[in-house]
Amino acid sequence: MPTKIVVPVKQVAALDEDFELEEGDAAVDADFLDWSLNEWDRYSLEAALQLTEADGGEVVALSVGDEQAEEGLLACLAAGAGRAVRIWDEALEGADALAVARVLADAVRREEPDLVLCGVQSSDMVNSATGVALAAHLGLRHVAVVRGLQLDAAARQLVVERELEGGLSETLALALPALLTVQTGINEPRYATLRAIKQAREKPLDVVDLDVLGLSAEQVGASSGARVRRLAPPPVGDSAELLNGSSEDVAARIAALVKERVA
C-alpha cells in the first residue's frame, strides 16, 4: 500500500569564525552566515525515501522560511522527494520552534500524510522541540529519537527502535498515522547526482503564506514560547584565562593550571 510521508526540514545557519551582530543585537548579520540543510533532516528525508522506494508512495518536503529555505528544499527534491512546499509570511520572522510547529501543523493537515518524519533537532537551535510540538498540534502518535524503523505498509504499522539514556534502547510498535523524530546514524543519506540537481528545479515547489493556511499573525504569535531579546558573548569571569602562544606553550599552561586547581 503506497504511503504518503511528509518531511519537515530546515535550512540552518552556521557562524563564520568571525561575525558581527545586527543593530539591536538581536540577530547575527546575515553576511556572516553559511547556510545548509539541517543534518538531522537529511536522515529523516533518507528514511522517508527508503520507505517509499520499498513500498511505493510519495515524499513531500515542507519548510518554514524565506527564500533562503528554497535551497534546502531543492536539495530534498534532488535527493528524491516528489515535491516541496515553502511556508513564509513576514509575521514568521524570528518565529521560535513552537510557532513554527503551529504553522507546520496546518500545512501537514493539508497533505493528510500517513507518516511525518522530522529530524530530532536542528544544528542551530538544538532544542528538539519542533517535532514533538508538531505531533501535539496534530494529535498524532509519536516517538522521539528513533534510530531504527520498519514499516508494514499493508498493516499500516510501524516498529521503531528509539534511543534512551545510558546506551539503552526501546522497541515499540505503533499504528499509522504517526510522527517520528529521527536520529542521525539511522541510515546513510544519499548524495544527489548533478543530473538530479538540475531536474530538481523542474519539480513542484509551492510557496504558501498564512492566509492560504487559514492562520493569522495573532495566532502564530500566541503559539510562541520565547523571543530573542539580545545576543552577546558570555561574560568572562575572574577565573577565566585566554591562552595564547604555541601549542607547546598552551599545553604547558594547561598542565600548570590543572596542578594549581586540583591540588
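These are my notebook entries on a predicted model of one protein chain.

**Entry 1: the whole chain**

I began with the secondary structure and found eight helices and 11 strands in the chain. I then looked up the extent of the C-alpha trace, which spans about 65 × 45 × 40 Å along its principal axes. Of the 263 residues, 39% are buried. The accessible surface comes to about 14,700 Å², and carbon and sulfur atoms account for 49% of that area.

For the charges, I noted 23 positive and 45 negative side chains. The centres of the two sets lie 5 Å apart.

**Entry 2: the sheet**

I recalled that strands of a sheet pair through backbone hydrogen bonds, either parallel or antiparallel. In what order do the nine strands of the open sheet stand? I read the order as β9-β8-β7-β10-β6-β1-β4-β5-β11, and the pairing is mixed. Strands β9 (169-175) and β11 (205-208) stand at the edges; each has a single partner strand, so one side of each has no neighbour in the sheet. On average, neighbouring strands of this sheet are turned by 35° against each other, direction ignored.

Strand β4 (residues 57-64) and strand β5 (residues 83-87) are parallel and share five bridges. Within this pair, I found Val60 opposite Arg83 in β5.

**Entry 3: helices across the strands**

Which strands does helix α3 lie across? Helix α3 (residues 97-111) lies across β1 (3-8), β4, β5, β6 (115-119) and β11. Its direction is at about 150° to β4.

I then turned to helix α4 (residues 130-138), which lies across β1, β6, β7 (141-152) and β10 (178-182). Helix α4 runs at about 175° to β10.

**Entry 4: backbone details**

I looked up the peptide bond between Leu176 and Pro177 and found it to be cis, with omega about 0°. Pro177 belongs to the loop between β9 and β10.

Next I looked up phi angles. Ser128 is not a glycine, yet its phi is positive, at about 55°. This serine lies in the loop between β6 and α4. Is Ser128 buried, partly exposed or exposed? Its relative accessibility is 31%, so I recorded Ser128 as partly exposed, since buried means under 20% and exposed over 50%.

Val145 also has a positive phi, near 55°, in a residue other than glycine. I located Val145 in strand β7.

Terms used:
Residues are numbered from 1 along each chain as its sequence is written. This is a predicted model: local features need pLDDT of at least 70, side-chain atom pairs count only at pLDDT 80 or more; totals for chains, interfaces and linings use all residues. Side-chain values use heavy atoms; hydrogens and water are left out. Helices (H or I, at least four residues) and strands (E, at least two) are DSSP runs, numbered from the N terminus. Buried means under 20% relative accessible area, exposed over 50%, partly exposed in between (1.4 Å probe, protein chains only). Accessible areas come from the Shrake-Rupley method with a 1.4 Å probe; for residues, only the protein chains shown count as cover. Lys and Arg count as positive and Asp and Glu as negative; His and the chain ends are not counted. The place of a charge is taken as NZ of Lys, CZ of Arg, CG of Asp or CD of Glu. Two strands pair if DSSP finds at least two bridges between them. Axes are lines fitted to C-alpha atoms, for helices over the stretch in contact, and angles run from 0 to 180 degrees between N-to-C directions. Contact means heavy atoms within 4.5 Å.
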